[in-house]
Every structure is written in C-alpha cells, then in structure tokens.
Amino acid sequence: MNRCKALWRRTFGRLPKGPARTAAAAGAAVAVVALVVAVVLLAAGGDDPAAEMARTVIVCGDDTVDNTELNYYFWNEYFYLVGSFGAYLPDSLDPAQPLDEQMYDEETTWQDYLLTLTLDTVRQTKALAREAEAAGFTLPESYETSLDGILATLSDNAAAAGYTDADGQPDVAAYLVDSYGPGAAVDSLTAYLTDSYLAAAYSDALYAEPTFTDEEIDAYCQQYADDYAAAGLDDTALRTVRVVLIRPEADDDAAWEAARASAETLLATWEAESGSEEDFAALARSHSDGDTAADGGLLEHLAPSDLTGALADWVFDGERAAGDTAVLRSDEGWSAVYYVGQEAGTVLQKAAEADMRWEAYQNAVRAACDACEFQVDYDAVRIASPAGVYGDASAAENLAAG
C-alpha cells in the first residue's frame, strides 16, 4: 500500500493544476500509477480480457474511449481522492477493502460513485481538449516540458518495479500491461496524458481570459452586498510587498537561527548600499527561496486572508508606510520584507472579481460539455483493480495518513 502511494506521488507530483479539477490534470494530478494489476471485471462476461479492455465504452463527440483508457481515468480519480483526504477519509471508505464491497450511501457502492466522478472527468477532459484543438490552442512550453518528463520516467519506473527484458533493459510494455491490464500500452497512455494536459492548459486559459471593468465589478459587489458583508469582506485596501525568503536548511534551532541571521544580514547590506525598491527586487531574485523570486519577490493584490501570522499583522498594520522593512518569521522560514504600499483595489473588489471569473469559467466549461454528445455503454464497462491497492488495515492507515 505504501509503495502504491509513493509511486503515484513520485510520478504525478509534477503535473499541472488548473483552476478546478475539470480535467484529470486540472486542479489535481494526473495519475500514472505504478502498480501491478490483477484484472477484476465489474460485470461478468468475456473470456478474452484483452478484447474486453479494448472494447469501446464511451462516445464523446468524435472521440471514443475504451476500457483501457477509462482505467487510466478511474484510478487517477481514486488516488486523487485518497491523496487529498489523507487521514480524513470518510468512515465509509476503507482503502484496505475492495471498492465494490463498500457502500458510499444506501444505494451506491464506492466503486460506482468513483465511476460517476470518472465519467464526469472524461466528459470534461475530452470536451475541453477537442475545443482547444478546434481553437488552434497548443500546449504552453511549461506543460509540454512536464508531459515529456512524465513520459520519460516510464522506463525508470519499469526498471524500479523489476520489469526488464532479456538484455536487462526496461520492459515498459510489460510494465504497463501489469499495471493497467490487457491493452495498456505506451501509445494509449500517451494519448490519455496528452488529452489531460491539453484540457488542463486550456482550462487555465479559459479561467484567465475574462476581463472586467471597474463598473462591472462594482455592480457585482452591490448585487451580492449582503453575502459579502456576512463573509466579513469590506473596503480594506489591498497591499503589495516584496519578500526575500530564507528557508532553514534543517528543522532545528540552529538552522532557523542561521536563516534569521542571513535574512537580517541581507536586509542590512541592502539598506547600507541603496535602500531602493529596485535593488530589493534584485536581492530577491538572487537570494530568495520563495516562489516569486524570479519576480523580485513581488506579492501583489494581498488581502488579510492571503497572509498569516506575523507577516499578516505587519503588512496590515494601520501605521504601515511605503518603504518600511522588517525581518519576520513564517512557517516557511525567515523573510526580509519590503512594504511597497496600498493598492487602489479593495478586498471586496478582489473577492467579487474572483467570483465573476469563476462563474465565467464554469459557464465556458459547461458550454463545451453541452456541445459534446456523451454516451456511455455501462454494460461494457470493465475496471482492472491494481493488486496492492487493497490490503490489511495497517497498510490502509498508512495510505490514508499522508
């Protein structure tokens, strides 16, 4: 069980995340689970497992999906669920037990419930991927690089799992068949991943696309004024800061003290040399361990809810003035912080714009799905259950724990 989860995380941790789990790679990881499969059919019938797995079970517009491809989606859905909930899995789901032997509710097994989620993911992925192609949309370079990286790991994963040919070379073909059942192959896996990546990238583009005028945002604020007031959102001005994050090299007092000293030294050196925002940005680009280092440590459009602890208190202090600096501790490390100033936008406007963007995105996804005819042959559906997914209770607890 631990091996199953570790291999899944190793393979999928680098996959793209979109604004929602619209596609298998959107808002979560696409799974290429490195597991050995014992084929278990959902329904009886069929003496040829390979033929059963190659059988078309879904028609989505001009696309078809066979059982092999459906299994890629299904097990991604399962591992996403288990990985997301971790120790907080519902009591009705025991990862040590077969999914078709556990009830999600009084009428639905967990297997059927996950199949329903899987079919939604298939529909959205296929609809968005085909719409992206029709629009001439292509994978951004970062997505292309990530996809190539995933495919490049197949040989390493096969070798690590003990799949080698007579010459000692990784046997990817045998590895995939044992991982996903008869019919699994590099070509079908590549097609699944390509669709997932394309749908995720296009999903991101749809989310980023809308623009809203100040008048539209203000009108939306007024329309839902009572809801926003109840949520505690108000006209507090947004803030902008620059941050140089120094992470401790280890989780002990000495390492944390070294990180603090480093942040203070950097800030003191900057103050002695110029004290300008431009040079602080250069300091962040060369020394920060934060995600925004390439942008000069810039953090824009900040609401109080975007920050925590000492940083939140400092940034939103009523006496804060442009050009103020401090060295502050967070869960990530010690940071030298430069306060750029207040922005024209407010916390309320930020929330309203985010809600407007989400609505526009959902409408765009819904329209894409509605335009794509979707039919499922439920009687033909077959699921190959990876051996190692189900085990004893202690293994299940370990799987759910992280």
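The largest nonpolar core holds 55 residues, and Leu-70 and Leu-99 have the most contacts inside it. A nonpolar core here is a set of buried Ala, Val, Leu, Ile, Met, Phe, Trp, Tyr and Cys residues joined through side-chain atoms within 4.5 Å, where buried means under 20% relative accessible area (1.4 Å probe, protein chains only). Among the elements that each supply at least two residues of this core are β2 (56–60), α3, α4 and α13 (347–370). The largest share, ten residues, comes from α7. Helices (H or I, at least four residues) and strands (E, at least two) are DSSP runs, numbered from the N terminus.

This is a predicted model, in which local features need pLDDT of at least 70 and side-chain atom pairs count only at pLDDT 80 or more, while totals for chains, interfaces and linings use all residues. Residues are numbered from 1 along each chain as its sequence is written, and side-chain values use heavy atoms, leaving out hydrogens and water.

Now find Leu-70 again. Not counting residues up to four places away in sequence, Leu-70 touches Val-57, Ile-58, Leu-115 and Val-122, among others; contact means heavy atoms within 4.5 Å.

Leu-70 is also one of the α3 residues that meet α4, where its partners include Leu-114 and Thr-118 as residues of the α4 side. The axes of α3 (residues 67–85) and α4 (residues 110–134) come within 9 Å and cross at roughly 115°, the axes being lines fitted to C-alpha atoms over the stretch in contact, with angles from 0 to 180 degrees between N-to-C directions. The two helices are therefore roughly perpendicular to each other, a label for angles of 65 to 115 degrees.

Notes:
Parallel < 35°, antiparallel > 145°, perpendicular 65-115°, else oblique. Buried < 20%, exposed > 50% of the residue type's maximum accessible area, 1.4 Å probe, protein only.
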